[in-house]
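Reader: Could you walk me through this model, one question at a time?

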Amino acid sequence: THSTRPQQAATVEAHPSHTMVESLEARGFGVGMPGYDREKWGFDLDGENKAKGLILWKLQSPHVRAFHLSWTSFFTSFVAAFAMAALLPVVRQNLDLTASDIGASGIANVVGAIGARVIIGAICDTVGPRYGVAGVLLLIAPSVFCASLIVDRGGIIAVRFFMGIGICIFVCNQFWSGTMFSPNCVGTVNATCGGWGNLGGGVTQLIMPLIYSGIKQSGRPGFTAWRWSFMVPGAMFLLLAMMTLLFAQDTPNGSYRDLRKTRAAQVDGKKTLLAAVRNYRTWVLTLNYGYCFGVELTINSIIVSYFFDQFGLTLEIAGIVGAVFGLMNLFCRSAGGLASDLGGKYFGMRGRLWAYFILQLCAGALSIVLGNVDDTLGGTIAVMIVFSAFVQSAEGACYGVVPFVSRRSYGVVAGMGGAGGN
């Protein structure tokens, strides 16, 4: 018989998972999760013990703990990566930086994560997302603290390069959601997890100038106050790394290490990588993600300086206005994921692709409009808000498709897509 509804699995694999799934089911997993209580957790599980819904306050569930630790870690990496951009008007004066110096440091800030996102995807496929998140946080924390020691052009380029690597946590973020949540809601959960993490890019523009002002008002000189400001994101890195190691697990059925002891999780790294690289859909999404998330990174890098220079706003006011672009992540990326899930529900994979296409097309059109309203502050802010909504919705819709590209290589596909964004 022929169905009139396009099947989601017609062009891509059925759902995000790992190569361990079949052997897990063979060993009896999925028929009942130890400690599961439907009344206390508030949601059902599917055959692989993945959550079929998300209730934010049910922290007794490993699914919800993974969700919160994932997005807060990504959020913190964004705060660190764009903290320097938020304080750039002060930093450039202190270090006597030229426009080319600032441009080079901005490029370094996003280039570092390109290779890191691919590598971390393979690490997630091999050792699990929990060690991926904690490892990145612990490795990058020293560079965040070292931001306070910068004295010249080389220093700011080096520090921003290493801090930028931290946003490869996005790959762990998306991988972990796909591991913990069922296909019926994974688009929305992925988008919410990524969107709330991206929110750090907007919050940074708001809080870093305020932290700087608070330290300065306490009696520290301005050129010392911005250096002390980096102690805040550095401390956040260390705290979240410890929480991830202590309170989280890789999958609904336990950690990767425990599953490997039962021989339920055997991963061939080379085959995992090749399966992703040889899949043309991986490259299509990698390119397209560059035209939504890549745009967001660009705006986050220059938005405060743009309003400061173009319209003569104070650093604090420019930070507040610039934060609006990133703060749209609070709900817009989730909206894109929801649009993807609804398209998938009614039209299969074709519905997910159309949702992504329409959102990204609108973002492109609004980018052109934004380039033509640079003479009015009100017009720039208004268009920027609508533009931001479509950019971030497109990001959510993109990662509503990513989990369905390759069962074996989910982590690598997510990593390559994220690298395309950088």
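Reader: Thanks! In which helix does leucine 95 lie?
Author: A quick word on the ground rules: this is a predicted model, where local features need pLDDT of at least 70, side-chain atom pairs count only at pLDDT 80 or more, and totals for chains, interfaces and linings use all residues. Residues are numbered from 1 along each chain as its sequence is written, and side-chain values use heavy atoms, with hydrogens and water left out. Helices here are DSSP runs of H or I with at least four residues, strands are runs of E with at least two, and both are numbered from the N terminus. The helix that holds leucine 95 spans residues 88–95 and is α4.

Reader: Is leucine 95 buried or exposed?
Author: Buried means under 20% relative accessible area, exposed over 50%, and partly exposed in between, using a 1.4 Å probe and protein chains only. Leucine 95 has a relative accessible area of 10%, so the residue is buried.

Reader: Which residues is leucine 95 in contact with, leaving aside its neighbours within four places in sequence?
Author: Contact means heavy atoms within 4.5 Å. Phenylalanine 223 is 128 residues away from leucine 95 in sequence, with 9.2 Å between their C-alpha atoms. With neighbours within four places set aside, the contacts of leucine 95 are Ile150, Val151, Asp152 and Arg227.

Reader: Which residues in α4 are buried?
Author: Leucine 95 belongs to this helix and is buried at 10% relative accessible area. The buried residues in α4 are Leu88, Pro89, Val90, Val91 and Leu95.

Reader: Which residues does serine 305 touch, not counting residues up to four places away in sequence?
Author: Serine 305 is part of helix α15, residues 293–310. Its relative accessibility is 10%, so serine 305 counts as buried. Leaving out residues up to four places away in sequence, serine 305 touches Ala85, Leu88, Pro89 and Arg92.

Reader: How do α9 and α15 run relative to each other, roughly parallel or antiparallel?
Author: Axes are lines fitted to C-alpha atoms, for helices over the stretch in contact, and angles run from 0 to 180 degrees between N-to-C directions. Helix α9 (residues 186–217) packs against α15 at about 10 degrees, with the axes 10 Å apart. Angles under 35 degrees count as roughly parallel, over 145 as roughly antiparallel, 65 to 115 as roughly perpendicular, and the rest as oblique. So α9 and α15 are roughly parallel.

Reader: How many nonpolar, polar and charged residues does the contact of α9 with α15 have?
Author: From α9 come Asn198, Gly201 and Gln205, and from α15 come Phe293, Glu296, Asn300, Ile303 and Val304. Ala, Val, Leu, Ile, Met, Phe, Trp, Tyr, Cys and Pro count as nonpolar, Asp, Glu, Lys and Arg as charged, and the others, Gly among them, as polar. By class, the contact of α9 with α15 has three nonpolar, four polar and one charged residues.

Reader: Which residues is threonine 204 in contact with, leaving aside its neighbours within four places in sequence?
Author: Threonine 204 is found in α9, and its relative accessibility is 0%, so threonine 204 counts as buried. Isoleucine 320 is 116 residues from threonine 204 in sequence and 9.7 Å away in space, C-alpha to C-alpha. Setting aside neighbours within four places, threonine 204 is in contact with Phe78, Val79, Phe82, Ala83, Ala86 and Pro209.

Reader: At what angle do α3 and α8 pack?
Author: These helices cover residues 62–86 (α3) and 169–180 (α8), and their axes are 9 Å apart. The packing angle of α3 and α8 is about 165 degrees, which means that α3 is roughly antiparallel to α8. To end on the value you asked for, the angle is about 165 degrees.

Reader: How many disulfides does the count come to?
Author: A disulfide is a pair of cysteine sulfur atoms within 2.5 Å. The count comes to zero disulfides. Cysteine 292, for one, has the sulfur of cysteine 398 as its nearest cysteine sulfur, 5.3 Å away, and is in no disulfide. The number by this rule is zero.
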